[in-house]
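Visitor: I would like to learn how to read a structure of this kind, one feature at a time. Could we go through it together?

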Amino acid sequence: MVAHGALNIFFLLSGQTAALLLGRFYYDKGGNSKWMATLVQTAGFPILFLPLLLFPSGQSPPATRPIPRPPLAKISSIYVALGILITVDNFMYSSGLLYLPVSTYSLICASQLAFNAVFSYFLNSQKFTPMIFNSVILLTFSAALLGVSEDSGDSTDVSKGKYALGFMLTLGASASYSLILSLMQLTFEKVIKKETFSVVLEMQIWTSLVASCAAVIGLFASGELRTLRGEMEGYGTGRVSYVLTLVWTGVSWQVGSVGVVGLIFVVSSLFSNVISTLALPIVPIFAVIIFHDKMDGVKVMSMLIAIWGFISYLYQHYIDDSKAKKAVRDAHEECGPSVP
């Protein structure tokens with residue numbers, strides 16, 4: 001369990017960081033299709049069939065009753081609904097990244113932890129302790145600082161109106177992403193009820209398939225498909241670089257998504273969201289080096305407050321974990337003397 005958790009954390013952090021930086025690189029070098037940026041976030045799902053074949057569903061222990069598969073119509077409708085919601089979420093993220101510096105974008109995304117704490121409370125019976133409440137307040141304040149900031153200059157060089165639009169879209173995407181995580185956890189607990197890593201991959205594959213189909217429809221309906229050839233010809237680092245940027249962005253998103261869904265399965269949606277905020281201090285640093293984003297006082301303060309909020313929740317998780325381990329030890333000690 002610990003090994004699986006560590007592997008999922010590595011997948012999440014490395015995949016998310018690489019995907020965000022490549023997404024900003026796509027826009028900076030001449031890419032302008034929001035629907036293409038939306039599509040690549042899920043289009044890499046076929047690579048997940050390989051680990052699905054390597055990690056087949058485990059068999060139930062002989063002493064337990066096998067858990068029946070949920071009705072096909074029920075699980076299909078859930079995957080379709082989640083896939084459509086993921087498409088909307090990815091489109092808002094892609095639009096936000098177009099209008100915001102990647103450092104600002106990643107800091108606003110930290111607000112998803114606050115949203116997830118609320119959704120987890122109502123949907124997943126997550127406890128809302130003082131430490132988690134403190135974390136929610138801090139992360140909300142961190143995002144609010146960036147929302148009222150007058151400096152939107154950075155590497156994107158957009159107007160104040162587009163900066164505000166990017167802020168609202170990214171904030172809305174953070175809220176919908178948190179809702180998706182809580183709904184996934186609810187599906188694992190109430191519908192699938194299986195404890196195998198293959199169900200994590202299956203959920204990722206089928207929801208990504210639906211999301212990719214919806215993004216392709218959006219690409220056709222918006223007319224952006226007709227502009228892709230010209231976009232590739234005029235790409236700043238060449239046509240091969242254009243293709244490789246999209247391919248590796250898609251691969252990175254899938255690696256990160258497996259980590260996200262895996263942590264939902266192993267721990268909870270709230271913990272998965274917390275770990276994703278670990279990329280918070282990583283992405284802005286790379287953004288300063290690669291894209292020459294400015295780290296002014298407001299951004300630094302926002303980042304420090306968000307890290308404080310992250311530590312606040314992490315400490316609460318540590319307390320809960322310690323209590324759970326102590327309860328297990330106490331139970332073993334009580335049972336010990338009764339053994340003849």
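**Reading the fold, the core and the surface**

Guide: From the N terminus on, the elements of the protein chain follow the order α-α-α-α-α-α-α-α-α-α-α-α-α-α, where helices (H or I, at least four residues) and strands (E, at least two) are DSSP runs numbered from the N terminus. This is a predicted model, in which local features need pLDDT of at least 70 and side-chain atom pairs count only at pLDDT 80 or more, while totals for chains, interfaces and linings use all residues. Residues are numbered from 1 along each chain as its sequence is written, and side-chain values use heavy atoms, with hydrogens and water left out.

Visitor: How many helices and strands does the protein chain have?

Guide: The protein chain has 14 helices and 0 strands. Contact means heavy atoms within 4.5 Å, and of the contacts in the chain with a separation of 6 or more, 86% are between residues 24 or more positions apart.

Visitor: What share of the 340 residues is buried?

Guide: Buried means under 20% relative accessible area, exposed over 50%, and partly exposed in between (1.4 Å probe, protein chains only); buried residues make up 49% of the 340 residues in the protein chain.

Visitor: Which residues touch the most other members of the largest nonpolar core?

Guide: A nonpolar core is a set of buried Ala, Val, Leu, Ile, Met, Phe, Trp, Tyr and Cys residues joined through side-chain atoms within 4.5 Å. Of the 72 residues in the largest one, Y26, M36, M184 and F188 touch the most other members. Leaving aside neighbours within four places in sequence, M36 is in contact with Y26, L219, E224, L228 and L246. A second, separate core of 6 residues includes L48, L201, I205 and V258.

Visitor: Why does V118 count as partly exposed?

Guide: V118, which is found in helix 6, counts as partly exposed because its relative accessibility is 34%.
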